Amino acid sequence: MTTADDPQQYIDEMARKRGYVLDYHKVMAKHDFAVLQAANGLVGAAYLDQRALDRKTKELIFIVSLTVMRASKGHIQSHIRVALDLGITPQEILEAIEISLPEAGVVAFQTGFEAWREVVGADGLEPTVEAFQGGSGAA
């Protein structure tokens, strides 16, 4: 049986190539393998295959696009972890997420920022004056 025929081998290969798999990938591998393969083919062509942009650049673009779309925190974090594994620094990832601010606004930025903050373990300064706690601002 080839990878193209075996859902388990296919999801394992996805994890090797991407550096992550999402929950929906796992469920689709078991319940609608053909559609998972079709969707993954598009991702492969646009994101995983070596073309003019290198993988680091594509990963940063992916993180920004997910931030702008207010994707789930887990999805954004999976790409942040891959970016870190590729050698992109936490500061470079933060600067990429900050690009979302002018066009997508603070609410979208907070989605990516909170994902980044949790993955890299960033903390902040607490005010020394009385103030209400505003939370993370992320959904």
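Helices here are DSSP runs of H or I of at least four residues, numbered from the N terminus. In this predicted model, Arg70 lies in the loop between H4 and H5. Its phi is near 55 degrees, a positive value in a residue other than glycine. Arg70 is partly exposed, because its relative accessible area is 48% and that class runs between 20% and 50%.

**Overall architecture**

The chain contains eight helices and zero strands, and its pattern along the sequence reads α-α-α-α-α-α-α-α. Of its 139 residues, 30% are buried. Among contacts between residues at least 6 apart in sequence, 57% join residues at least 24 apart. Further values for the chain are given below.

| Property of the chain | Value |
|---|---|
| Span of the C-alpha trace along its principal axes | about 65 × 35 × 25 Å |
| Accessible surface | about 8,700 Å² |
| Accessible surface belonging to carbon and sulfur atoms | 57% |
| Distance between the centres of the positive and negative side chains | 6 Å |

The charged side chains comprise 13 positive and 19 negative ones.

**Nonpolar cores**

The largest nonpolar core is made up of 13 residues, and Ile63, Ile76, Ile80, Ala83, Ile93, Ile97 and Trp116 have the most contacts inside it. Two or more residues of this core come from each of helix H4 (55-68), helix H5 (73-85), helix H6 (90-98) and helix H8 (106-120). A second, separate core has six residues, including Tyr10, Met14, Ala29 and Leu36.

Apart from neighbours within four places in sequence, Trp116 is in contact with Ile80, Pro90, Ile93, Leu94, Ile97 and Ala122. Among these partners, Ile80, Ile93 and Ile97 are also listed with the most contacts inside the largest core.

**Helix H5**

The buried residues in H5 are His75, Ile76, Gln77, Ser78, His79, Ile80, Val82 and Ala83. An α-helix has 3.6 residues a turn, so residues three or four places apart point the same way. The buried residues of H5 pack against helix H1 (7-18), helix H3 (33-48), H4, H6 and H8. After H5 comes Gly87, whose phi is positive, near 100 degrees.

Technical notes:
Residues numbered from 1 in each chain as written. Predicted model: local features only at pLDDT ≥ 70, side-chain atom pairs only at ≥ 80, totals over all residues. Heavy atoms only, no water. Core = buried A, V, L, I, M, F, W, Y, C linked by side-chain atoms within 4.5 Å. Buried < 20%, exposed > 50% of the residue type's maximum accessible area, 1.4 Å probe, protein only. Contact = heavy atoms within 4.5 Å. Areas by Shrake-Rupley, 256 points an atom, 1.4 Å probe, with all protein chains shown as cover. Lys, Arg positive; Asp, Glu negative; His and termini not counted. Charge placed at Lys NZ, Arg CZ, Asp CG, Glu CD.
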